[in-house]
Amino acid sequence: MPLRHGRLSLVQTTDFFYPLVEDPYIMGKITCANVLSDLYAMGVVNCDNMLMLLGVSNKLSEKERDVVIPLIMKGFKDLAEEAGTSVTGGQTVVNPWMTIGGVASAVCTPDEIIMPDGAVAGDVLVLTKPLGTQIAVNAHQWLEKPERWAKISEVITEDQVKRGYERAMMSMARLNRNGAKLMHKYKAHGATDVTGFGLLGHAKNLASAQKEDVSFVIDLLPIIADMSAVVKASGSFLSLHQGYSAETSGGLLIAMSKENADGFCKEILELDGFPAWIIGRVEKGNRTATVCENAVVLDVPDEKITKHTELNDFSN
């Protein structure tokens, strides 16, 4: 949104959702990362201010509230500080359901913003986080639901479920800020973050915004290890392989030249310690997106799982 003063624009986003993991501190981090990703998808690296939105469930006992709410707030605040910004206020209400969210605002010059409409035929599509976060959370919940667990227990062990859940939490709580920085260096042509509409839903939204007559074709699906097997065992309602499974605080989906994408993927691995993948291509078309029927499913291993201890440092 252009401002009255000079060549400045306000880039602002808000988002909220229900808690999805058991650890309130990590839930606070996930919420903050999710809110900021809308700025990062526009190439906006620096957030000037954040607000926190918190609906406190009236079903919590006073003791539960006094433990859970400060941890959520601390997680949100800590990750905001990691992102180089601060939480200056917000709104708290009593609610039948627990809801968590926030507002992120940045005042930017034109060169700080990458509009999401510049993809051209010959570009490739880069994804900066693995898919399958919602599946990993569901599988962990099913450990306590015998009927659900019976469907997947033949293809995955309890230990694998727990590791997948930890991998998902670690991914969701990780900022996309380095990706936003590298979008400028490697001349990205547009991006979106991958969240509630799933990979294909957000890819379609991004494709529809392009100036050129192009379409996106996705032929690689990087998925948290073992979650692909969970999908197959649990039934077709989890449409991960079709690109429609919801994600929370997912990666950036970025269009850029193939030459620049190689450098981007190499450098983000060095910065974040986690890979990004070229998952598709941009072709001449009618501003839509598809997942190939024969798309390759890549199991993303969890070598970095020990980094999760950093997320729990608050308890020490």
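# Strand β8 and its surroundings

Student: In which sense do strand β6 (residues 190–193) and β8 pair?
Tutor: This is a predicted model. Strand β6 (residues 190–193) pairs with β8 over 4 bridges. The sense of that pairing is antiparallel.

Student: Which residue of β8 is the bridge partner of A191?
Tutor: β6 and β8 are joined over 4 bridges. In β8, the partner of A191 is I254.

Student: How many bridges link strand β5 (residues 124–127) and β8?
Tutor: β5 and β8 also pair in the antiparallel sense. L125 has A255 of β8 as its bridge partner. The number of bridges between β5 and β8 is 4.

Student: Is strand β8 (residues 252–256) mostly covered or mostly open, and how many of its residues are buried?
Tutor: Take the faces in turn. On one side, L252, I254 and M256 are buried. On the other, L253 and A255 are buried as well. β8 is mostly covered, and its count of buried residues is 5 of 5.

Student: What is the strand order of the open sheet of 6 strands?
Tutor: β8 pairs with β6, and β8 pairs with β5 too. That places β8 between them in the sheet order. The pairing across the sheet is mixed, and the order is β6-β8-β5-β9-β7-β10.

Student: Which are the edge strands?
Tutor: Read the ends of the order β6-β8-β5-β9-β7-β10. An edge strand here pairs on one side only. The edge strands are β6 and β10 (289–300).

Student: At roughly what angle do the axes of helix α6 (residues 177–185) and helix α9 (residues 258–272) cross?
Tutor: The two axes come within 10 Å. α6 passes α9 in a right-handed crossing. The angle is roughly 145 degrees.

Student: Where does K187 sit, and is K187 buried or exposed?
Tutor: K187 sits in the loop between α6 and β6. Phi of K187 is near 55 degrees, a positive value in a residue other than glycine. Its relative accessibility is 57%, so K187 counts as exposed.

Student: What is the phi of R287?
Tutor: R287 lies in the loop between β9 (277–284) and β10. At 29% relative accessibility, R287 counts as partly exposed. R287 is not a glycine, yet its phi is positive, about 60 degrees.

Student: How far is L51 from C32 in space, C-alpha to C-alpha?
Tutor: L51 is in strand β2 (residues 49–57), and at 29% relative accessibility L51 is partly exposed. Beyond four places in sequence, its contacts include F76, V87 and V103. L51 and C32 are 19 residues apart in sequence, and their distance in space is 9.7 Å.

Student: Why is the chain as compact as a globular protein of that length?
Tutor: There are 10 helices and 10 strands in the chain. The globule rule gives 20 Å for 316 residues. The chain is as compact as a globular protein of that length because its radius of gyration is close to that, at 19 Å.

Student: What share of the residues of the chain count as buried?
Tutor: The C-alpha atoms fill a box of roughly 55 × 55 × 35 Å along the principal axes. The accessible surface is about 14400 Å², with 52% of that on carbon and sulfur atoms. Of the 316 residues, the buried share is 54%.

Notes: Residues numbered from 1 in each chain as written. Predicted model: local features only at pLDDT ≥ 70, side-chain atom pairs only at ≥ 80, totals over all residues. Heavy atoms only, no water. Buried < 20%, exposed > 50% of the residue type's maximum accessible area, 1.4 Å probe, protein only. Helix = DSSP H or I, 4+ residues; strand = E, 2+ residues; numbered from the N terminus. Pairing = 2+ DSSP bridges. Rg over C-alpha atoms; globule rule 2.2 N^0.38 Å. Areas by Shrake-Rupley, 256 points an atom, 1.4 Å probe, with all protein chains shown as cover. Axes fitted to C-alpha atoms, helices over the stretch in contact; angles between N-to-C directions. Left-handed = near helix turned anticlockwise from the far one by under 90°. Contact = heavy atoms within 4.5 Å.
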